[in-house]
Amino acid sequence: MDHSNWTKKEFVAYILLYIANIDLEESEAEKRYILSRVNKDTYNSVHDEFDKDNDYQSINKIVNAYKSKSLYASLDELFADVKLMAFADGKNHQMEQTSYNTLKRILED
C-alpha cells in the first residue's frame, strides 16, 4: 500500500494503530474504537502494513501522508480523532500521551 495514495480512512486507521500500539499493546477497547472509525477491511489491510513497519517508518509514513494530501481541514480535526484513541481503553498511558504530543509537534512543523 502506497502511503502517498492513502484514503482518509486508511490514514485514520494507520495513525490510530500507531497510537494504540505505542505502549506495545493494542487493547480490545482500542481495536473497537478504530473499528468505529473505519471498516473491518480497511482495518485489516492497514494493520497488515502497520505490522511490517518499524517506528521510524511509521512516523515517516504519517508525516509524509499528512503533508502530501489535504486529508483533514486542520491539524486540530485530525488530533480530535487521535486524542480519543489515546483514551479509548479508559487509561491515560504516559507513552500514548507523549506520542500524541510528539506527533502533533512533528506535524505542526
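Tutor: The side chain of K61 makes a polar contact with the side chain of D53, at 2.8 Å, where a polar contact is a pair of N or O atoms within 3.5 Å, one able to donate a hydrogen and the other to accept it, and residues adjacent in sequence count only if both atoms are side-chain atoms. K61 itself sits in helix α4, residues 55-68, and is buried, with a relative accessible area of 14%; buried means under 20% relative accessible area, found with a 1.4 Å probe and protein chains only.

This is a predicted model, in which local features need pLDDT of at least 70 and side-chain atom pairs count only at pLDDT 80 or more, while totals for chains, interfaces and linings use all residues. Residues are numbered from 1 along each chain as its sequence is written, and side-chain values use heavy atoms, with hydrogens and water left out.

Turning to the whole, the protein has six helices and zero strands, where helices are DSSP runs of H or I with at least four residues, strands are runs of E with at least two, and both are numbered from the N terminus. Of the protein's 109 residues, 47% count as buried. Among contacts (heavy atoms within 4.5 Å) between residues at least 6 apart in sequence, 78% join residues at least 24 apart.

Another buried residue is N21, with a relative accessible area of 18%, which lies in the loop between α1 (8-20) and α2 (28-37). A polar atom of the N21 side chain lies 2.8 Å from the backbone oxygen of L17, and, leaving aside neighbours within four places in sequence, N21 is in contact with E26 and F50.

How values were computed. Buried means under 20% relative accessible area, exposed over 50%, partly exposed in between (1.4 Å probe, protein chains only).
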